Amino acid sequence: MLQEFKDFIAKGNVMDLAVGIIIGAAFTAIVSSLVADLINPFIGLVLGGVDFTSMYVVLSGDVAAGTGLDAARETGAAIFAYGAFITACINFLIIAFVVFMLVKAVNRLKAVSEKPDDVAPEVETGPSELDVLLEIRDSLRK
C-alpha cells in the first residue's frame, strides 16, 4: 500500500495539480486585491458611492438604524446580508473575466510557440506523368 501511495504521488498529474493549486491560490490573492482595491472603488464611484457590502435587512432581533453589518451580526440578530451577496456576484464576474483574459493570452502564446518557424518552400517537381504522356501524344499527331 505504501508503494502504491508513492507511485500515486510521483505521477506527473498529481504534481501538476499541486502546482496548479499553489499558483491558483497566489493568483486568487492578486485578483482579489485587484477587485477589492482597484475595481470596486470605481464601481462605487460610478454608482454614487454605494457600498453594497454594508446593505442588509434585519429579519429578527433588535439592531439600531445605521449600524454596520459586522456590528449587526454581533448583536445576534438574524441578518439578510443581500449587499454582501451582490458584492460576491460582482467579484465573481470580474474574476471570471480576468481569468478568461489570462487563458486567452496563454492560448495565444501557445499558438505562436507551436507554429513552425521554418516552413520549407514548395519545390516544383515539374510536369506530371500525365502531362508528359499528353505532350508525347500531341507530338505524334503532328
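Tutor: Let us start with Thr87 and its contacts. Apart from neighbours within four places in sequence, Thr87 touches Asn40, Phe52 and Thr53. Keep in mind that this is a predicted model.

Where does Thr87 sit? It is part of helix 4. Is Thr87 buried or exposed? Its relative accessible area is 12%. Buried means under 20%, so Thr87 counts as buried.

The buried residues of helix 4 are Gly83, Thr87 and Ile94. Look at how a helix turns. An α-helix has 3.6 residues a turn, so residues three or four places apart point the same way. Check Gly83 and Thr87 on the model with that in mind; both are on the buried list of helix 4.

Now step back to the helix itself. Helix 4 covers residues 82-114, which is 33 residues. At 1.5 Å a residue, helix 4 should span 48 Å.

Gly76 lies in the loop that links helix 3 (69-74) to strand 2 (78-80). Is Gly76 buried or exposed? Gly76 has a relative accessible area of 61%. The cut-off for exposed is over 50%, so Gly76 is exposed. Now pair Gly76 with Phe100. They are 24 residues apart along the chain, and 40 Å separates their C-alpha atoms.

Now the whole chain. The protein has five helices and two strands. From the N terminus on, their order is α-α-β-α-β-α-α. The radius of gyration is 33 Å, well over the 14 Å that the globule rule gives for 142 residues, so the protein is more spread out than a compact globule. Along the principal axes, the C-alpha atoms fill a box of roughly 110 × 55 × 25 Å.

How much of the protein is buried? Buried residues make up 9% of the 142 residues, and Thr87 is one of the buried residues. The accessible surface comes to about 11700 Å², with 67% of it belonging to carbon and sulfur atoms.

Contacts complete the view. Take those between residues at least 6 apart in sequence: 48% join residues at least 24 apart. Last, the charges. The protein has 10 positive and 17 negative charges, and their mean positions are 8 Å apart.

Notes
Residues are numbered from 1 along each chain as its sequence is written. This is a predicted model: local features need pLDDT of at least 70, side-chain atom pairs count only at pLDDT 80 or more; totals for chains, interfaces and linings use all residues. Side-chain values use heavy atoms; hydrogens and water are left out. Helices (H or I, at least four residues) and strands (E, at least two) are DSSP runs, numbered from the N terminus. The radius of gyration is taken over C-alpha atoms; the globule rule is 2.2 Å times the number of residues to the power 0.38. Buried means under 20% relative accessible area, exposed over 50%, partly exposed in between (1.4 Å probe, protein chains only). Contact means heavy atoms within 4.5 Å. Accessible areas come from the Shrake-Rupley method with a 1.4 Å probe; for residues, only the protein chains shown count as cover. Lys and Arg count as positive and Asp and Glu as negative; His and the chain ends are not counted. The place of a charge is taken as NZ of Lys, CZ of Arg, CG of Asp or CD of Glu. The expected span of a helix is 1.5 Å times one less than its number of residues.
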